[in-house]
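Dear colleague,

A summary of the findings follows it.

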Amino acid sequence: MVKRKATALDVARRAGVSRSAVSLVLNGRANGNVTAERQERVLRAAAELDYTPNSVALSLRNQQTSTIGIITDDIVTSPFAGRLISGASRTALARGYMVLVVDSEHDTSRESAAAQQLVHRQVDGIMYATGSLREITAPPAMLTLPAILANCTDAGSRLQSVIPAEVDGGRAAAQLLIDLGHRRITLLTGTLSSPAAPQREQGYREAMEEAGLGSEQQHVHATGWDIDEGYRAASAVLGGRDRPTAIICSNDRVATGVLLYAASAGLRVPQDLSVVGYDDQQNLAANLVPALTTVALPHAEIGASAMSILLDAVEGQTPAAGNPEAGTLYMPCRIIPRASTAAVPAR
């Protein structure tokens with residue numbers, strides 16, 4: 001026999017209070033309306049009866065569905081940025097919301113259709129999230145309800161964004177090596193079509209200049225994002241007599257290429273060369289030989305923070321999320337030190 005689900009009336013009877021008092025307590029409106037002692041009795045009774053509110057009834061009363069839509073470009077299939085969705089989902093579930101995730105595969109027409117469908121399904125808000133930092137044009141339907149961007153910015157500056165602090169990340173990578181005594185530090189950047197590449201380069205140059213290493217000592221090579229590009233770049237910068245003692249890479253895949261070339265050239269890492277990656281890519285950075293020092297992109301933190309801002313707006317605690325006047329929130333990129341970096345080698 002299936003056990004009957006407890007009702008609010010059952011809770012009221014056990015607590016010895018009215019049905020309206022139960023509603024006020026469980027909906028967070030008890031302060032000033034129900035005494036602290038009665039609130040405690042209601043909460044205790046609800047726990048004893050394993051009572052949970054009827055979500056459908058709450059939706060009808062509040063005119064909300066407790067559902068958040070998330071539109072992504074390729075995060076679902078990404079090897080590392082899925083942590084963004086995980087951080088957003090955990091935050092939503094902890095506050096009683098379910099999430100619907102739609103992957104557009106970089107198709108703008110699918111993005112617009114997905115936003116319209118989510119609005120028609122009466123989601124309470126929409127998050128747009130990308131696997132890598134980039135500028136987007138937000139679908140018009142997103143502007144009709146609380147919305148926010150995660151790991152991307154809007155070309156029209158109409159929505160609030162939560163993105164990584166890439167300048168600080170580039171600075172931190174360079175500063176780590178400077179503190180280890182390195183002075184000949186090469187930066188392998190990604191493609192300039194990505195806004196992350198110039199921001200990381202800016203941080204690198206700022207750290208070098210602050211250490212008294214002027215532009216003539218700053219070596220930057222446009223490289224790309226893949227292993228073979230890292231290998232080719234390493235063969236170019238490590239083949240000369242005045243080779244660098246450390247290399248900062250555009251991501252962990254490029255760093256993998258650098259490590260492969262160093263091994264083929266008889267260079268020991270980190271005894272002869274220190275290598276720093278970027279991303280802290282899951283199942284890669286920590287498993288390389290040697291394990292890769294890297295700058296971790298805060299994907300989980302971006303997802304969690306963006307979702308918190310969005311839910312605060314949905315619940316009326318803040319002005320509507322997506323308001324560009326709220327500005328851009330930058331999440332710190334932290335260094336993950338591992339075995340691929342060490343003090344500058346003696347000559």
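**Overview of the predicted model**

Of the 347 residues in the chain, 48% are buried, where buried means under 20% relative accessible area, exposed over 50% and partly exposed in between, with a 1.4 Å probe and protein chains only. The model is predicted, so that local features need pLDDT of at least 70 and side-chain atom pairs count only at pLDDT 80 or more, while totals for chains, interfaces and linings use all residues. Residues are numbered from 1 along each chain as its sequence is written, and side-chain values use heavy atoms, with hydrogens and water left out.

The chain contains 11 helices and 12 strands; helices (H or I, at least four residues) and strands (E, at least two) are DSSP runs numbered from the N terminus. Among contacts between residues at least 6 apart in sequence, 70% join residues at least 24 apart, a contact being heavy atoms within 4.5 Å.

**The parallel sheet**

Axes are lines fitted to C-alpha atoms, for helices over the stretch in contact, and angles run from 0 to 180 degrees between N-to-C directions.

Strand β1 (residues 67-72) pairs with β2 in the parallel sense over 6 bridges, and Thr72 has Asp103 in β2 as its bridge partner.

**The mixed sheet**

A further open sheet of 6 strands has the order β7-β6-β8-β9-β10-β12, with mixed pairing. Its edge strands are β7 (219-222) and β12 (334-336), each of which pairs on one side only. On average, neighbouring strands of this sheet are turned by 20° against each other, direction ignored.

All 5 of the 5 residues of β6 (185-189) are buried, so β6 is largely enclosed by the rest of the structure. In a regular strand the side chains alternate between the two faces of the sheet. In β6, Ile185, Leu187 and Thr189 point one way and Thr186 and Leu188 the other way, and all are buried. On one pairing, β6 joins β8 in the parallel sense over 3 bridges, with Thr186 opposite Ile247 in β8. On another, 4 bridges join β6 to β7, and these strands also run parallel; Leu188 has His221 in β7 as its bridge partner.

Strand β10 (residues 293-296) and β12 run antiparallel and are joined by 3 bridges, among which Ala296 is partnered by Arg334 in β12. Helix α10 (residues 252-264) lies across β6, β8 (246-248), β9 (274-279) and β10, at about 155° to β9.

**Helix packing**

Helices α7 (residues 166-179) and α8 (residues 196-210) pack at an angle of about 40°, with their axes 6 Å apart. That makes α7 oblique to α8, since angles under 35 degrees count as roughly parallel, over 145 as roughly antiparallel, 65 to 115 as roughly perpendicular and the rest as oblique. The residues of α7 that meet α8 include Glu166, Val167 and Gly170.

Helices α1 (residues 8-15) and α3 (residues 36-48) have axes that come within 9 Å and cross at roughly 125°. That makes α1 oblique to α3. Val11, Arg14 and Ala15 in α1 meet Arg41, Val42, Ala45, Ala46 and Glu48 in α3.

**Two glutamates**

Glu201 lies in helix α8 and counts as buried at 18% relative accessibility. Leaving aside neighbours within four places in sequence, Glu201 is in contact with Leu187, Thr189 and Val220.

Glu315 is placed in the loop between α11 (299-314) and β11. Its relative accessible area of 34% makes Glu315 partly exposed. With neighbours within four places in sequence left aside, Glu315 is in contact with Arg95 and Tyr97.

Yours sincerely

Note on methods
Pairing = 2+ DSSP bridges.
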